[in-house]
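Keep the structure open and follow along.

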Amino acid sequence: MNADKSLNVLGETLKPCSIDPLTGFFRDAHCNTCAEDQGSHTVCAIMTEEFLAYSKYVGNDLSTPRPEYNFQGLRPGDQWCVCAGRFLQAVHEGCAPLIRLASTHKRALDIIDLEVLIEHEACD
């Protein structure tokens, strides 16, 4: 992975999204991506009850533990690299979670306008 691929949507070095739970397509705590990442797991989202329920409803249950995959299940407040397309879908459905721009990979911009991401930035 070259340095150019590890930039966030602001053009800066990509910051970690979550170590606990360990997230990312590569389980490297970052929302890094590659050609094999068909879902573009590039958006660092802060889980909410509403988004977890929505994700389960549309076929991706992120809240149920899956020990066979060393996955403990997510809870509200956890940060997780979600698919850019799923995040945009949640935006259109009115249930998108807040995100961390500094931890959202620049490849998310292939799917989501920067203005939409900025509107959902967590301020803390």
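## Cysteine links and the core

In this predicted model, Cys 31 and Cys 81 are joined by a disulfide, with an S to S distance of 2.1 Å. Cys 31 sits in the segment before E1 and Cys 81 in strand E2, so their bond ties together parts that lie 50 residues apart in sequence. Both of these cysteines are buried.

The structure has 2 disulfides. The other partners are Cys 17 and Cys 44, and they are buried too. Here is how the links look:

| Disulfide | S to S | Angle about the S-S bond | Handedness |
|---|---|---|---|
| Cys 17 to Cys 44 | 2.1 Å | 85 degrees | right-handed |
| Cys 31 to Cys 81 | 2.1 Å | -90 degrees | left-handed |

If you number the bonded cysteines in sequence order, the pairing reads 1-3, 2-4.

Cys 95 is buried, with a relative accessible area of 5%, and Cys 34 is buried with 17%.

Now turn to the largest nonpolar core, which has 23 residues. Val 43, Met 47, Val 82 and Ile 112 have the most contacts inside this core. Helix H2 gives the most to the core, with 4 residues. Val 43 touches residues including Cys 31, Cys 81, Val 82 and Ile 112. In soluble globular proteins, nonpolar side chains tend to be buried together.

Terms used
Residues are numbered from 1 along each chain as its sequence is written. This is a predicted model: local features need pLDDT of at least 70, side-chain atom pairs count only at pLDDT 80 or more; totals for chains, interfaces and linings use all residues. Side-chain values use heavy atoms; hydrogens and water are left out. A nonpolar core is a set of buried Ala, Val, Leu, Ile, Met, Phe, Trp, Tyr and Cys residues joined through side-chain atoms within 4.5 Å. Buried means under 20% relative accessible area, exposed over 50%, partly exposed in between (1.4 Å probe, protein chains only). Helices (H or I, at least four residues) and strands (E, at least two) are DSSP runs, numbered from the N terminus. Contact means heavy atoms within 4.5 Å. A disulfide is a pair of cysteine sulfur atoms within 2.5 Å. Lists of a residue's contacts leave out its neighbours within four places in sequence.
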